[in-house]
Structures are given as structure tokens and as C-alpha cells.
Amino acid sequence: MPLIKAHDEITIQSSADDVWKILIDIPNYYLWWPKAVNLKVIKFERSLVGTEFKANPLGGKSFNCRVISFIPNREIKLEYFNGIYNGEGTWKIETGEEFVKVSYTVDLEIVDKSIIVLSRIISISKIHSMIFKRILKGLEKQVNSGYLVNQI
């Protein structure tokens with residue numbers, strides 16, 4: 001099966017704590033994710049592990065993600081399931097003196113037959129990165145707005 005391997009990152013002038021508060025506040029991702037991704041929280045767990053959400057991109061096919069593990073202020077691992085992909089995604093936070101580097105990496109197997117065919121024509125990894133660059137910019141704007149909605 002074809003694979004999607006992508007790594008995207010952004011450097012944000014902020015603290016790891018402020019970025020972390022936004023990353024774990026999955027019910028409020030809609031505030032900074034592109035509306036075209038059409039994200040919906042299916043199940044929210046206060047412990048974070050087991051939280052599930054579904055992405056149903058405009059003009060695309062849906063997939064689900066589940067939080068499978070995390071290291072506070074450093075990493076969130078997601079499992080992609082029940083959709084066009086199977087595999088893992090990982091949010092990582094690396095700290096500097098007055099900035100943090102936030103990255104998202106995916107290692108996915110395409111399991112949907114129509115997307116497998118499409119992957120022979122266009123790079124699904126590049127499309128993923130294009131969307132994730134917008135998501136990371138949205139994260140930066142959310143952090144810079146100072147609006148930290150997480151109360152977990």
C-alpha cells in the first residue's frame with residue numbers, strides 16, 4: 001500500500017506551556033484549524049488518551065484520529081483509523097530560550113482504493129504538508145492571540 005510520510009514544523013515565540021495548552025484542547029481545535037478540514041470531536045477524555053476526532057475535509061474522504069499517548073509539554077501521539085488512512089501522527093514541542101519549535105509528523109498507509117489510485121497521480125504527502133502548514137500557522141495565531149481556552 002502507498003505511504004504518506006510528512007514532517008512539518010513552525011517556530012513560535014512562546015512558551016511550551018502555552019503551546020501545550022492549545023494542543024491538548026482538542027474540542028477547541030476548530031478555533032485554529034482551517035474550516036475546510038471540518039473537524040469534529042467524537043469523544044473527549046479529560047486524561048487526553050482515548051480522545052477521538054474525525055476530519056471530513058471538503059471534497060475529500062474522512063478519517064478518524066485517537067490520542068494514544070502523550071508526554072506533557074513535549075509530545076502527543078495519534079492513531080489514524082477508520083477511514084482512508086491507517087498509521088500514526090505525532091505532535092512534538094522542542095523548547096528554546098524564548099521560542100518553541102512545534103512539529104507534526106505522519107507515517108500513514110493509504111487504505112482507500114480511490115486515494116491509492118490518486119496517489120499515483122499526485123503526491124498525497126505534499127497535499128498533507130500543504131494543509132498542515134496552514135494548521136501550524138493557525139496554531140501560531142492562536143498562541144499569539146493569548147486566548148488560551150484550555151481548562152483541563
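The protein exposes about 8,300 Å² of surface, and carbon and sulfur atoms supply 52% of that area. Keep in mind as you look around that this is a predicted model. Here is a short tour, from the overall build down to two residues worth a click.

**Overall build**
- You will find 3 helices and 7 strands in the protein, and from the N terminus on they run β-α-β-β-β-β-β-β-α-α.
- The radius of gyration is 15 Å, close to the 15 Å that the globule rule gives for 152 residues, so the protein is as compact as a globular protein of that length.
- Along its principal axes, the C-alpha trace spans about 45 × 30 × 25 Å.
- Among contacts with a separation of 6 or more, 52% join residues 24 or more positions apart.

**Charges**
- The side chains include 20 positive and 17 negative ones, and the centres of these two sets lie 8 Å apart.

**Inside the protein**
- Of the 152 residues, 43% count as buried.
- In soluble globular proteins, nonpolar side chains tend to be buried together.
- Here the largest nonpolar core holds 43 residues, and Leu-23, Trp-91, Val-102 and Leu-139 have the most contacts inside it.
- Leaving out residues up to four places away in sequence, Val-102 touches Leu-23, Trp-91 and Leu-139, and its other partners include Asp-8, Ile-10 and Lys-92.

**A buried glutamate**
- Glu-75 sits in strand β5, which covers residues 75-81.
- Its relative accessible area is 14%, under the 20% cut-off, so Glu-75 counts as buried.
- Beyond four places in sequence, Glu-75 touches Trp-20, Ser-69, Phe-70, Thr-90, Trp-91 and Lys-92.

Note on methods: Residues are numbered from 1 along each chain as its sequence is written. This is a predicted model: local features need pLDDT of at least 70, side-chain atom pairs count only at pLDDT 80 or more; totals for chains, interfaces and linings use all residues. Side-chain values use heavy atoms; hydrogens and water are left out. A nonpolar core is a set of buried Ala, Val, Leu, Ile, Met, Phe, Trp, Tyr and Cys residues joined through side-chain atoms within 4.5 Å. Buried means under 20% relative accessible area, exposed over 50%, partly exposed in between (1.4 Å probe, protein chains only). Contact means heavy atoms within 4.5 Å. Helices (H or I, at least four residues) and strands (E, at least two) are DSSP runs, numbered from the N terminus. The radius of gyration is taken over C-alpha atoms; the globule rule is 2.2 Å times the number of residues to the power 0.38. Accessible areas come from the Shrake-Rupley method with a 1.4 Å probe; for residues, only the protein chains shown count as cover. Lys and Arg count as positive and Asp and Glu as negative; His and the chain ends are not counted. The place of a charge is taken as NZ of Lys, CZ of Arg, CG of Asp or CD of Glu.
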